[in-house]
Amino acid sequence: MVIATLLSVLFSWFLCLVLIRYARGHAHEYGEFLPQRFHLGAVPRVGGLGIAVGWAAGLVGVIAIAEISGANSEVLTLPGRLEVWWSLVLLPPVLGGLWEDLSQRLSPAIRLSLTSISALLAIFFLDLSIQRLGFAWMDVHWSAWPMLGLGLAFVAVAGLPHAFNLIDGYNGLAGTVATIICVAVAHVALQLGDRPLALMVLTLAGGTAGFLIWNYPRGLIFAGDGGAYLWGGAIAIACITLVQRHEEVSPWFPMLLLIYPVWETVFSIYRKLARGGSPGVADALHLHQLIYRRIVREVFHDDAARRMLTRNNRTSPYLWGFTLLSVIPAVLFWRNTPMLMGFCMLFVLTYVPLYLMIVRFKVPRWIRRGLHKHEIGRPGRYR
């Protein structure tokens, strides 16, 4: 398992290096004035390809080593090889995301259709379903309507790729969040003896780590839609599979584990609809963007690109810490449904006031570092 993860890191690192060197041409077509753009210069947005190849290399390496040595591969699982089915399921959104990264020509509707196809394939080939909610009295009624479990699994696999794409705004942000979540899933899977599932997410974490070497802090390559869709789809499948295979795991474990990207997406949809806009139109009012603009401010450097890069890098650690506040209790209480539900509610009750506080320029003194004097205490309104 360690060898597979290291192979993933190595292959991802090398391919990302090649992409940085030879794939800059397409980056010039990425609009200079898009609201979600927070960097200067042409940076390749095809890091998702490096992550995918690194992930695949780790799994293939384990299989090759096992066959050469005559041992049983850790990736084998009934009714077939797990990595083959996962690759088939994730192929449509990942390829579509890579095409969007190269061309910027796929509409939000088409991208949503591709992740929906992926969800249908996952339900059909991997037999995914959320069969319980964590309470015996409720699960009796829930199991009587199998379509509810299938529908919830569909929403999770189709929606989480877009949630990761939404938080993928700054160097190291989405990649580190994905890595933390993968390690958490692997930790619980290993405690339950589910080595194939642990291997799947650890090699994905390895592929992401190889990419992050170039992405943070230098910002030499971005994951793009292809990388975000790979993270979201693979992690959604892994979480549902973990709960489905092991009754000891509360279905609220993945909910708390993923509460940051999930709630960021839900809140953003509500916010845009409340303002009379479309949820599919990008804006610059997500939490990470507000932190960038209103908390991480003063960077003194003669070069504009260097100033923006430094501020970009200082934004991600705020959200890493925010993610750990949900991941740590999820790992500690992965069996305890009431505790997990309580922490989910606590996250929501923390997120909303924090967001409104930043929007209204009412940031506490201890996190005001870098705010301009004329902005401190400035009245604001929700917009």
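Is Asn215 buried or exposed in this structure? The structure is a predicted model, in which local features need pLDDT of at least 70, side-chain atom pairs count only at pLDDT 80 or more, and totals for chains, interfaces and linings use all residues. Residues are numbered from 1 along each chain as its sequence is written, and side-chain values use heavy atoms, with hydrogens and water left out.

Asn215 has a relative accessibility of 5% and therefore counts as buried (under 20% relative accessible area, with exposed over 50% and partly exposed in between; 1.4 Å probe, protein chains only). Asn215 belongs to helix H8, residues 195-215 (helices are DSSP runs of H or I, at least four residues, numbered from the N terminus). Beyond its neighbours within four places in sequence, Asn215 is in contact with Asn171, Gly172, Ile221 and Phe222 (heavy atoms within 4.5 Å). A polar atom of the Asn215 side chain lies 2.6 Å from the backbone nitrogen of Gly172.

Helix H14 covers residues 337-359, 23 residues in number. From first C-alpha to last, H14 reaches 33 Å, close to the expected 33 Å (1.5 Å times one less than the number of residues). The buried residues of H14 include Leu340, Cys344, Phe347, Val348 and Tyr351. An α-helix has 3.6 residues a turn, so residues three or four places apart point the same way. At the start of H14, a side-chain oxygen of Asn336 comes to within 3.2 Å of the backbone nitrogen of Met339. Just after H14, Phe361 has a positive phi of about 60°.

Phe11 lies in helix H1 and is partly exposed, with a relative accessible area of 40%.

Definitions and conventions: Helices (H or I, at least four residues) and strands (E, at least two) are DSSP runs, numbered from the N terminus. A polar contact is a pair of N or O atoms within 3.5 Å; within protein, one must be able to donate a hydrogen and the other to accept it, and residues adjacent in sequence count only if both atoms are side-chain atoms.
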